[in-house]
Amino acid sequence: MTYPPSYRYTTQHEWIDAKDGVGTIGITDYAQHELGDVVFVELPKPGAKVQAGKSFGTVESVKAVSEIYAPVSGEVVEANADLETTPEKLNSDPHKSAWLIRIKLADQAELAKLMDAKAYDAFISEKNKEASA
Amino acid sequence: MTERFKKASQHVSQNERLIFETSSRGKRAFELPPLDVPPADAAKVLGHYHRDEGVSDFPEVSEIEVVRHFTRLSTWNYAIDLGMYPLGSCTMKYNPRVNEFVARLDGIATEHPYQPQELSQGCLKIIKLLEDCLLEITGMDSITLQPAAGAQGELTGLLLIRAYLQKQGNPRKKVLIPDSAHGTNPATAVIAGYQVENIKSESHGQIDVEKLRDLVTEDVAALMITNPSTLGIFEPRIAEIADILHRQGALLYMDGANMNALTGITRPGDMGVDVMHLNLHKTFSTPHGGGGPGAGPVAMKKILEPFRPTPVLIEKDGGRLLLDANRPESIGRVKAFAGNFGVLVRALAYILAYGPGIRQATEDAVLNATYIRKKLEGVFELPYSLPSMHEVVFSDARQKQNGVNTMDIAKRLIDYGFHPYTTAFPLIVAGAMMIEPTESESKEECDLFIGAMKSIAHEAATNPQLVKTAPHTTRVGRLDEVGAARKPILRWKQAPARSEAAD
Amino acid sequence: MRYLPKSPDERKQMLAVVGGKSIDELFSSVPEQYRLKKALDLPGPLSEAEIIQYFKARAGENSLGYTSFLGAGVYNHLRSVITDTIIQRGEFLTSYTPYQAEITQGTLQSIFEFQTLMCQLTGQEVANASMYDGSTAATEAVLMAERLTSRRRVLVARSVHPEYRAVLKTYAKNSGLTVEEVPISVDGTVDTKVLQSSLKEDVAAVLVQSPNFLGVIEPIADLANIAHKVGALLVATVTEAVSLGLVNPPAEADIVALEGQSFGLAPSYGGPYVGVIASREKFVRQMPGRLVGQTTDSNGRRGFVLTLATREQHIRREKATSNICTNQALCALAVTVHLCLLGKEGLREMAHQNLSKARFALTELEKIPGVRRAFDAPFFNEFTIELPRSVKLVNAQLLREKIVGPFVLGTAYPELTKHALVCVTETITRVEIEKFASALRSALQQPV
């Protein structure tokens, strides 16, 4: 799977697609692959505040539970209701229909601190090299 | 699969439904003696508290159906009585039957924890003797038998440490835990109100002593060590480690899960350990029973003695024993009553059977593990070179090259008539295969195990699919754990009425 | 040694393979100065017969031959011999935790049945595969409520078992929970006036017990309503599980912590017993302890597995919902077998015998001058009486009649100076009840 060029990425494997002050956040294909079959997702409610670098929810597979960290700060506008009934979407379509939350951005400037698709790709390749070393 | 290595050919299977599916109205299994007093009018006496319908959908079956149901179910289980469990860190040894017998004696099983102490001297003597034996084995000064299991023992140990440090003026903030530790260690530290600082083990699962010097600050309350480590390797510098901690006013906690490598050979108390727990259901042979009960006594040095959970066993003049709850500095209770007495009885019976010769069990356990390690050394990857004690950890690195991992090998081992070894633990070895035979295995059983493992390694190289889709001879194949977690069905429910023909 | 399956020859052979000259070499990694030079000073070795002799001698120093009217959290009930027959089968007794589901379907299915039985009994939607005992189950239930509400204050009825309250206190101290006690009202139930005035939106849970430590049944439905008004959860503890055969279950409670000892487990001087947490499905991910779920294999065959394990210590480590690892599987199995034997009618009949015998005992005791029933509210098989003098002294005299008298409530409730908690189960005969009444009458007639 290629990493959408318009998105930005974190070292904790989250992505954010920001447009007009609203950011859609999800986890990357690399993350879902590491987790294995997703069985449950815990997300905040609309109105909740998220802070850059702090955990806002969890993604649970059979063998692990992973915290999800906010790439930037903001206020939750919507949480993806689909994931309540079909959490497995995270495995098949992590970059599009299995988005996690939509937030109102608190500070556009925070986006600049994140990686672009090319940098994230390189970051992942390094990780894969380490793993097989 | 070569015949020569097969220990069991087929796992037993019978069709047996849930007991609720066998149930039908009006059947009964147990009858009581007739009521010899005037019957109470339940509706009148209990008023709106009266459960007039009884428990809905409760099973209604006859005695023979209960016996058959559970007998059939039991045949679906593997057990120590059937063969070896090479489960690392579990110490699956023989559960002596005389222990079961004595725990059920009238006058032992029948005793109420609140009965007068003058009618409980037998029970109290049992507790006292076990305490004395465990102190002798661990080299410690004082002990509590109250914790219900290892994890509760760990909590008790940490609470003792906290109380001691609190008395000195500062309970401190952190507990250091090696990344090779059992999951109960960090989970327990958090419950005890401490932050966990994970410390990286060095390549043999040992504590990096030089790094430790920098890590032990005045914020550190304790280090939780497992010795031998979860890799089965003895921590040779443990006394030094204890010293580093003590100089900073911190304490050394030892997870005693691996006592099967040390009993009769050496004593943690002699090496600077301040407090430790024991798993009676591991080292001391009390049965696992499918997951419990266990018991997790905590042995400690004198400095922690005043903080022991209540009640504490004391001896009065004339040898009379008594449980004393008047302990002002105690951390309180961790469990109701005095402890899992029935489990304590079994552990004492085990110790009495061996006496001073208990060392021989340890020797045989280490001999078995070392023998298996030697025989499998060329076959599976051994990620370190130091000698193992009672357990050995291999990795699936070689077999991984053909896409076969530790879980697959473990599942294939089932087809050879064994229970799998411990997979994927400790976390510091990728693809870990942790094997602990215990002293209860004969040379023959060890050889059968070795043969099976060699055969599987061969299969992994020549026919990996066979291994990856194992087991093939069990009643059910690999189960859908993902489905179970996504849409959990955690109980049986009465189905809505439908015609018999649908069945 | 009979537990060690190796001959001296075999040891030699294996040692040769390993390349060592003596067994001692296998321990070379233990520094010389810490290696024991002589054998441990332990009693034994004893043969099987001697072990039995030792424990029989201890048994003779306990309470054989006495009739007991003690309850207070541990109950004598009839147990079928079949329970032991089943749980002593090697495949159950000596089996490991069912992490490898393919070869532990026996354990897993029986736990699934156990979970079902617990739901049916308590009126809750989901139950776990057991906790260590009722006291730790009650504590874990309170901690669960704390996680669910993110609040840190807990109100505990004083009528909850004193040792359960003590265990909660130990755990709460280190988790930053404040625990406050709510007094008992005149009729023996929890004081709802005080409860209501103490309830604010910082309360995570209200913990009660029913029947409570004084034997009295608490109004669970009312208490649930009161707690819910401020968004607190009601945690109900049941120490005498047989009561559920005739008394309405605490279905309105949010979390139930049950002690299962009454269902086929011997008193065994305090343990091992079995605790259970039962609750609503929506809270399941915050529930500690093991859970067994139903699933299928690739051939569509029904099977059972441990599930939702990500809550547990072996995966979550420091973020686990609890540190619990072992449960009480064999005890839970004994309970399962026992309940299947009792069945719907057997449990109801057993409960009815308890109700009847306790009432008969109270009637007989009330005939004794100076003895009065302390609390008016309905009870099951335990009730509190007030005597005209110290219960301890009276019990000393009862002992001479080979009767273990009722629990001295003054030890746990200082204001209940002359009160005793009498428990009568189906195991006590009419003759024994009459003898107890007569002995009590005599004891009270003795000069002080």
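**Strands, a helix and contacts in a predicted model**

Trainee: C:Ala157 stands opposite C:Val182 in β4(C). What makes β3(C) and β4(C) a pair?

Mentor: Quick housekeeping before that. This is a predicted model, in which local features need pLDDT of at least 70, side-chain atom pairs count only at pLDDT 80 or more, and totals for chains, interfaces and linings use all residues. Residues are numbered from 1 along each chain as its sequence is written, while chains are lettered from A and ligands numbered from 1 in the order in which they are written. Now, two strands pair if DSSP finds at least two bridges between them. Five bridges join β3 (residues 153-157) to β4 (residues 178-182) of chain C, so they count as a pair, and they run parallel.

Trainee: And what makes something a strand or a helix here?

Mentor: Both are DSSP runs numbered from the N terminus: H or I for at least four residues gives a helix, E for at least two gives a strand. Chain C has 13 helices and 15 strands.

Trainee: Is β3(C) enclosed or open, and how do you know?

Mentor: Four of its five residues are buried, so β3(C) is largely enclosed by the rest of the structure. "Buried" takes 20 or more other C-beta atoms within 10 Å of a residue's own; 12 or fewer is exposed, in between is partly exposed, and the C-beta atoms are placed from the backbone. Across chain C, buried residues make up 61% of the 448 residues.

Trainee: Why say that the buried residues of α9(B) line one face?

Mentor: In α9 (residues 238-247) of chain B, the buried ones are B:Ile238, B:Ile241, B:Ala242, B:Ile244 and B:Leu245. Seen down the axis, they fall within an arc of 160°, so they line one face of the helix. That arc is taken over the directions from the helix axis to the C-beta atoms. An α-helix has 3.6 residues a turn, so residues three or four places apart point the same way. On the other side of α9(B), B:Asp243 and B:Arg247 are exposed. The cover over the buried residues includes α8 (209-215), β4 (220-226) and β5 (251-255) of chain B. After the helix comes B:Gly249, with a positive phi near 75°.

Trainee: What is B:Leu252 in contact with, leaving aside its neighbours within four places in sequence?

Mentor: Contact means C-beta atoms, placed from the backbone, within 7 Å. By that test its partners include B:Ile241, B:Ala242 and B:Leu245, which are buried residues of α9(B). B:Leu252 is also among the residues touching the most other members of the largest nonpolar core, which has 343 residues.

Trainee: What makes that a nonpolar core?

Mentor: It has to be a set of buried Ala, Val, Leu, Ile, Met, Phe, Trp, Tyr and Cys residues joined through C-beta atoms within 7 Å. Helix α11 (residues 329-366) of chain C gives the most, 20 residues.

Trainee: How many residues do chains B and C bring to their contact?

Mentor: 169 from chain B and 164 from chain C. Ten residues of chain B's side, its largest share, come from helix α11 (residues 359-376) of chain B.

Trainee: What are the domains of chain C called, and where do the bounds come from?

Mentor: They are domain 1 (67-78 + 343-443) and domain 2 (81-338), with bounds from an automatic or database domain assignment. Their C-alpha centres lie 27 Å apart, and 25 residues of domain 1 are in contact with 21 residues of domain 2. α11(C) gives the most to domain 1's side of that contact, seven residues.

How values were computed
Two residues are in contact if their C-beta atoms, placed from the backbone, lie within 7 Å.
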